[in-house]
Amino acid sequence: MLFRFALDFASFLTGLSRDDIYSLVDSVDSTFREGDGNVKDKRAATVLQILRETFAMSKWTKATRSPFETLIVTIISQNTADRNTARAFENLSKRFEIKPEVLANAETSQIEDALKTAGLYRNKAKTINRVSRIILEKFHGSMQSILALPLEEARKTLVQMPGVGPKTADVVLLFSKGQPTIPVDTHVNRVSKRLGFAPANGDYDAVRASLQSLYDPRDYLAVHVLLITHGRCYCKARRPLCEQCPVNIYCPSRGLWNGNA
Ligand code: SF4
């Protein structure tokens, strides 16, 4: 009965007929055995559509921060919970204008003080100071010349900065410039692998490339945001809530979870 309701609900959300959904469900496992990209794409599209209907995106899609602020907050967020990141960024903003010329000339110890709620705050304070200096000295205090570069060149330029890895670079490029890239954080990595959208042992670049091959670039921001949200709400790291998961009928890991995936 519940399964039937789930099918009706999925049909309502996706616009696919129940027969289509039945055939998608039946084909999930064979898709992975046979590597049928077409069915996988349809399934990926259906999963995205259901996640769009399940979660609101408004607070994620407002571009309220400057590119430099986005870079700084993403550096602060590394290995740090959202709430602590927000507090640390707020503290930093109260003490300093978040501008390269200000943070480049600030005492590292003062930046450290402001970041104390974030993990690894000493390292992050040094990174923020050094990155600010680089942007001030090499890029005339603005990130616009970096953002104007073609995507791969911009990524390369950003990851050459201390403390800036591919995820941080992709977040800046996606959120500040709408560049077609999908940042892969811990949730995106886990959820996309469980859903079979990325190779189980894939590294950052493999997961990013797999997801990008499944979706239209216009959907990259939604894919990033919704996989994170889904990972937080249902597809949790230790105990995924497969029974309640809104996309469980499309997931090859449903019911197979053994705590080691
Ligand atoms: S069914 Fe379980 S493993 Fe699959 S996406 Fe949903 S919560 Fe994650």
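**A walk through the helices of a predicted model**

Student: How many residues does helix α12 have, and what span is expected at 1.5 Å a residue?

Tutor: Happy to start there, keeping in mind that this is a predicted model. Helix α12 covers residues 166-177, which gives 12 residues. From first C-alpha to last it reaches 16 Å, close to the expected span at 1.5 Å a residue, which is 16 Å.

Student: Is α12 largely enclosed by the rest of the structure or exposed?

Tutor: Let's look at its residues, among them Lys167, Asp170, Leu173 and Phe175, which are buried. In total, 11 of the 12 residues of α12 are buried. That is why the helix counts as largely enclosed by the rest of the structure.

Student: How far apart in space are isoleucine 76 and glycine 119?

Tutor: In sequence, the two are 43 residues apart. In space, C-alpha to C-alpha, isoleucine 76 and glycine 119 are separated by 8.2 Å.

Student: How are α13 and α15 oriented to each other?

Tutor: Two packed helices are described by the angle between their axes and the distance between the axes. For α13 (residues 186-194) and α15, the axes come within 8 Å and cross at roughly 80°. Angles of 65 to 115 degrees count as roughly perpendicular. The two helices are therefore roughly perpendicular.

Student: Which residues of α15 meet α13?

Tutor: On the α13 side, the contact uses His187, Val188, Arg190, Val191 and Ser192. By class, this contact has four nonpolar, five polar and two charged residues. The α15 residues are His224, Leu227, Ile228, His230, Gly231 and Arg232.

Student: Which residues are closest to the ligand?

Tutor: The ligand is surrounded by 14 residues. They divide into 10 nonpolar, two polar and two charged. The closest are Cys235, Pro240, Cys242, Cys245 and Cys251.

Definitions and conventions:
Residues are numbered from 1 along each chain as its sequence is written. This is a predicted model: local features need pLDDT of at least 70, side-chain atom pairs count only at pLDDT 80 or more; totals for chains, interfaces and linings use all residues. A residue is near a molecule or strand if its C-beta atom, placed from the backbone, lies within 6 Å of it. Ala, Val, Leu, Ile, Met, Phe, Trp, Tyr, Cys and Pro count as nonpolar, Asp, Glu, Lys and Arg as charged, and the others, Gly among them, as polar. Helices (H or I, at least four residues) and strands (E, at least two) are DSSP runs, numbered from the N terminus. The expected span of a helix is 1.5 Å times one less than its number of residues. A residue is buried if 20 or more other C-beta atoms lie within 10 Å of its own, exposed if 12 or fewer, and partly exposed in between; C-beta atoms are placed from the backbone. Axes are lines fitted to C-alpha atoms, for helices over the stretch in contact, and angles run from 0 to 180 degrees between N-to-C directions. Angles under 35 degrees count as roughly parallel, over 145 as roughly antiparallel, 65 to 115 as roughly perpendicular and the rest as oblique. Two residues are in contact if their C-beta atoms, placed from the backbone, lie within 7 Å.
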